[in-house]
Amino acid sequence: FPELHLILSCLAYATTAIIWAVLMMIVVLGFWSIGAVVLIHPLNMDLANSGYWEEHRCERCPHAFESVQQSMLTFTQQIIAGDGWGVITVPII
């Protein structure tokens, strides 16, 4: 089956490209997350100390940028999944 062989070989090439793209996304997201911990977390803590997150009943919001892991999770949620822009990002802006 030459067609099957062609499909499987193209799939193998595409898989390696996808793996490299995912690794590159993780590295770029990691760099942005480090910057967010340094720059955005203090602003987020000001909101938390003022009681803003308690008024809006968001349990995760004060911790959204407290570590690189939390920041990567927040960015993944917002950029890749498109969820939570109005909850976390708009009040910080």
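## Basis of the model

The model is predicted: local features need pLDDT of at least 70, side-chain atom pairs count only at pLDDT 80 or more, and totals for chains, interfaces and linings use all residues. Numbering starts from 1 along each chain as its sequence is written, and side-chain values use heavy atoms, with hydrogens and water left out.

## The α1 and α3 crossing

Helix α1 spans residues 2-49 and helix α3 spans residues 68-80. Helices here are DSSP runs of H or I with at least four residues, numbered from the N terminus. The two axes come within 8 Å and cross at roughly 115 degrees. Axes are lines fitted to C-alpha atoms over the stretch in contact, and angles run from 0 to 180 degrees between N-to-C directions. The crossing of α1 and α3 is right-handed. That term applies if the near helix is turned clockwise from the far one by less than a right angle, and left-handed applies if anticlockwise.

From α1, the contact takes in M25, I26, L29, G30, W32, S33, I34, A36 and V37. From α3, V68, S71, M72, F75, T76 and I80 meet them. Contact means heavy atoms within 4.5 Å. By class, the contact of α1 with α3 has eleven nonpolar, four polar and no charged residues. Ala, Val, Leu, Ile, Met, Phe, Trp, Tyr, Cys and Pro count as nonpolar; Asp, Glu, Lys and Arg count as charged; the others, Gly among them, are polar.

## Two residues in the helices

S71 lies in helix α3. S71 is buried, at 0% relative accessible area. Buried means under 20%, exposed over 50%, and partly exposed in between, with a 1.4 Å probe and protein chains only. Leaving aside neighbours within four places in sequence, S71 is in contact with S33, A36, V37, A64 and F65.

H41 belongs to helix α1. Its relative accessibility is 16%, so H41 counts as buried. Not counting residues up to four places away in sequence, H41 touches A36, P62, F65 and E66. The C-alpha atoms of H41 and S67 are separated by 8.6 Å, with the two residues 26 apart along the chain.

## Aromatic pairs

The whole structure holds two aromatic pairs. In one, Y52 and W53 have ring centres 5.1 Å apart and planes at 75 degrees, so the pair is edge-to-face. Rings of Phe, Tyr and Trp (its six-membered ring) pair if their centres lie within 6.5 Å; planes under 30 degrees apart are stacked, over 60 edge-to-face, and the rest tilted. Y52 is partly exposed at 24% relative accessibility. W53 is buried at 3%.

A search of the whole structure finds one disulfide. C58 and C61 form it, with their sulfur atoms 1.8 Å apart. The criterion is a pair of cysteine sulfur atoms within 2.5 Å. The torsion about the S-S bond of C58 and C61 is about 75 degrees, so the disulfide is right-handed. Both cysteines are buried: C58 has 17% relative accessibility, and C61 has 0%. C10, by its 44% relative accessibility, is partly exposed.

R57 sits in the loop between α2 (52-55) and α3. R57 is not a glycine, yet has a positive phi of about 55 degrees. R57 counts as exposed, at 77% relative accessibility.
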